[in-house]
Amino acid sequence: MTHRLAALTVALIAAAALATCGVVSRISDGHLDIEQAELQARIAPRFPTHRCKIVIVCLHLSNPVVVLAEGDDHIGLTADATVHLGGRERTGRVGFAGRPRYAPVEGQLFLEDLQITTLEFSGLPEDYAAIVRQHGPALVKGQFESRPVYTIDTSTAKGSLAKMAVHDVKVVNGKLRISFMPQ
């Protein structure tokens, strides 16, 4: 019985040491890259969405596409859009971009400071476009500022350590890069 307990203890210590080596080697890479497809898979289920800012301005978004532009510190999103302004309706595409914000306690990434980057609507009068630019970000704000676009898996030792060591988040080589603090 004592022999089994000793063997089990040695095995647990060895497993912990190997797990720690794996964590340290992953963090020593200095970053974690998240592919566009992974972000797409996490964001797509939130759509279609329909929001109204005031009674006369409603925006319906569907078919989102995540855009990670090299050298940009924002995560972009384009979507099919239907704008309802008063009694008129226009369809087209709209692009948004937001800055990633890391919440260390939760280990989650959110988008904030959402801005409209593109409006592609055939025949949309400029005064209507101005209304969409003004109210559009508020219409999708709740989709991204209060709901994470990515959560670090903290069910493993590696994830728990990574969550505490995040330094910054930016787009590198068409991927969202979570950089860890230098050791």
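How many bridges pair S2 and S3, and in which sense do the two strands run? The legends below take up this question and others, view by view. The model is predicted.

**View 1. The S2-S3 hairpin.** S2 and S3 are joined by five bridges, and the pairing is antiparallel. Two residues lie between the strands, and together S2 and S3 form a hairpin. Arg51 marks one point of the pairing: its bridge partner in S3 is Leu59.

**View 2. The open sheet of six strands.** The strand order is S2-S3-S4-S5-S6-S7, and the pairing is antiparallel. S2 (49-54) and S7 (150-151) are the edge strands. Each has a single partner strand, so one side of each lacks a neighbour in the sheet. Strands of a sheet pair through backbone hydrogen bonds, in either a parallel or an antiparallel way.

**View 3. S3 beside S4.** These two strands run antiparallel, and nine bridges join them. Find Val67 to locate one of the pairs: its bridge partner in S4 is Gly76.

**View 4. S5 beside S6.** S5 covers residues 88-103, and S6 covers residues 108-121. The two strands run antiparallel and are joined by 11 bridges. Which residue of S6 stands opposite Phe96? That residue is Ile116.

**View 5. Helix H3 across the sheet.** H3 spans residues 126-145. The helix lies across S2, S3 (57-67), S4 (75-85), S5 and S6. Relative to S6, helix H3 runs at about 155°.

View 6. The peptide bond from Phe47 to Pro48 is cis. Its omega is near 5°. Where is Pro48 found? Look in the loop between helix H2 (36-43) and S2.

**View 7. Asn63, a positive phi within a strand.** Most residues other than glycine have a negative phi, and most peptide bonds are trans. Asn63 is not a glycine, yet its phi is positive, at about 50°. This residue is found in strand S3.

**View 8. Asn173, a positive phi in a loop.** Asn173 has a positive phi near 55°, and it is a residue other than glycine. It lies in the loop between strand S8 (166-172) and strand S9 (175-180). Is Asn173 buried or exposed? Its relative accessibility is 57%. The cut-off for exposed is over 50%, so Asn173 counts as exposed.

Definitions and conventions
Residues are numbered from 1 along each chain as its sequence is written. This is a predicted model: local features need pLDDT of at least 70, side-chain atom pairs count only at pLDDT 80 or more; totals for chains, interfaces and linings use all residues. Side-chain values use heavy atoms; hydrogens and water are left out. Two strands pair if DSSP finds at least two bridges between them. Helices (H or I, at least four residues) and strands (E, at least two) are DSSP runs, numbered from the N terminus. Contact means heavy atoms within 4.5 Å. Axes are lines fitted to C-alpha atoms, for helices over the stretch in contact, and angles run from 0 to 180 degrees between N-to-C directions. Buried means under 20% relative accessible area, exposed over 50%, partly exposed in between (1.4 Å probe, protein chains only).
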